[in-house]
Amino acid sequence: MELFKKNKKKTQTQVDREQKEAVSMNRSGTQRVAAVLGQIRFTESADVTGRISQEKMDWYRGTVSALAVQMDQAKILRLDTSAIDQSIQFIAEYLPEAIKSGNEATADRIIKGLAYGISKARKDIPEKDMENASAIVDKRLRRLQMHRDVIELSRKIDELNKALRRQKRTLEEYQGNYEKCKADLKSISSRRPDLVKELDELGFGSNQLSAGAKGIDTARVKVIELSDSIENLSRQIATNESAMQEDEATIRTLEIQMSQTEALVDEATLEDIRKQQEEFQKELLQLERQIDDMERINKDFTRMMDAVYSSPDMVDRIIRHAMEYESLVEKEARAEEGRRMGLENEAENDQENTRQMN
């Protein structure tokens, strides 16, 4: 950071001109930040989700108003604060969207960043510390960058939460459809064992299927498809939840560092955080494409099945469907038996503990 003091290698005229230019630049930066804060309209940026209380909204409004006044009335410093002012402006621009989306934790972190930037990062340096002014301002700027990194991670968590809410709604739909399709398949299989037998005997002297048998095979395929979709989407949900936990842990680490000491993380760590943000954006786009692909597969399902039945490999495919469905049923039966035995063992242990206590 450039310090406004006389440089022996420069003429006084040069020093005066540079100081005048820097003061003008600082005044311009200060006015831009004050304008950004003053332009935040809480009626337009009101929480549309209902997750933020009216009391908290009033607090945001009052705090931002006070910070805007503080920035508007700030004196022009002897230091070049243009980089600091730019960071404050970036942070301020995140606030309306955070509030409108009901992301209270992110909004709180934005307010903390603004408060630090305006009240501390731009604080004038005592005369006795002027020799170290450049290092002090650099340190403040790095600390302000930490606030920005925390805010970016918090915004990433908000996007993950948004994706998770959508994924979990889709998962519930898949699970509901799966249970319905499985129940329908079980019902028709019980009512029409002759059709099941027809499928079982396929390839053993007969390669012709009735419409009813084809219907059972179609129902089996639907159950298998839904089971695969549930499994894939469950993995995606687990991945996003794990990523969210990692980001929350990183935020806690950064916030602890900021609260306990002025020491800052190194540039390598900050670069890693920025790379995580880029990877998140790529993963989110990929996730959107995967969900779209699933929807297209479901829409084209009937057409795909028609192609299967007209294919020379129809018999092999239907036999494989039967084997896959049988494997799925056996897997669920084993899981249910495991849960039952676990409950029985737990009950026996409770009884044994009760006898020992008596």
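Biologist: At what angle do helix α2 and helix α4 pack?
Modeller: This is a predicted model, in which local features need pLDDT of at least 70, side-chain atom pairs count only at pLDDT 80 or more, and totals for chains, interfaces and linings use all residues. Residues are numbered from 1 along each chain as its sequence is written, and side-chain values use heavy atoms, with hydrogens and water left out. Helix α2 (residues 54-72) and helix α4 (residues 104-121) pack at about 20°, and their axes are 11 Å apart; helices here are DSSP runs of H or I with at least four residues, numbered from the N terminus, and axes are lines fitted to C-alpha atoms over the stretch in contact, with angles from 0 to 180 degrees between N-to-C directions.
Biologist: Which residues of α2 make the contact?
Modeller: Among them are Trp59, Tyr60 and Leu67 of α2, while α4 brings residues including Ile111 and Leu114; contact means heavy atoms within 4.5 Å.
Biologist: Trp59 and Tyr60, then: how far is it centre to centre?
Modeller: The two rings are 5.6 Å apart centre to centre, with 55° between the planes, and form a tilted aromatic pair (centres within 6.5 Å; planes under 30 degrees apart are stacked, over 60 edge-to-face, the rest tilted).
Biologist: Is Tyr60 buried or exposed?
Modeller: Tyr60 is buried at 0% relative accessibility, whereas Trp59 is partly exposed at 43% (buried is under 20%, exposed over 50%, partly exposed in between, with a 1.4 Å probe and protein chains only).
Biologist: New topic: where does Arg165 lie?
Modeller: Arg165 lies in helix α5 (residues 133-191) and is partly exposed, with a relative accessible area of 37%.

Notes. Phe/Tyr/Trp six-rings, centres within 6.5 Å; stacked < 30°, edge-to-face > 60°. Helix = DSSP H or I, 4+ residues; strand = E, 2+ residues; numbered from the N terminus.
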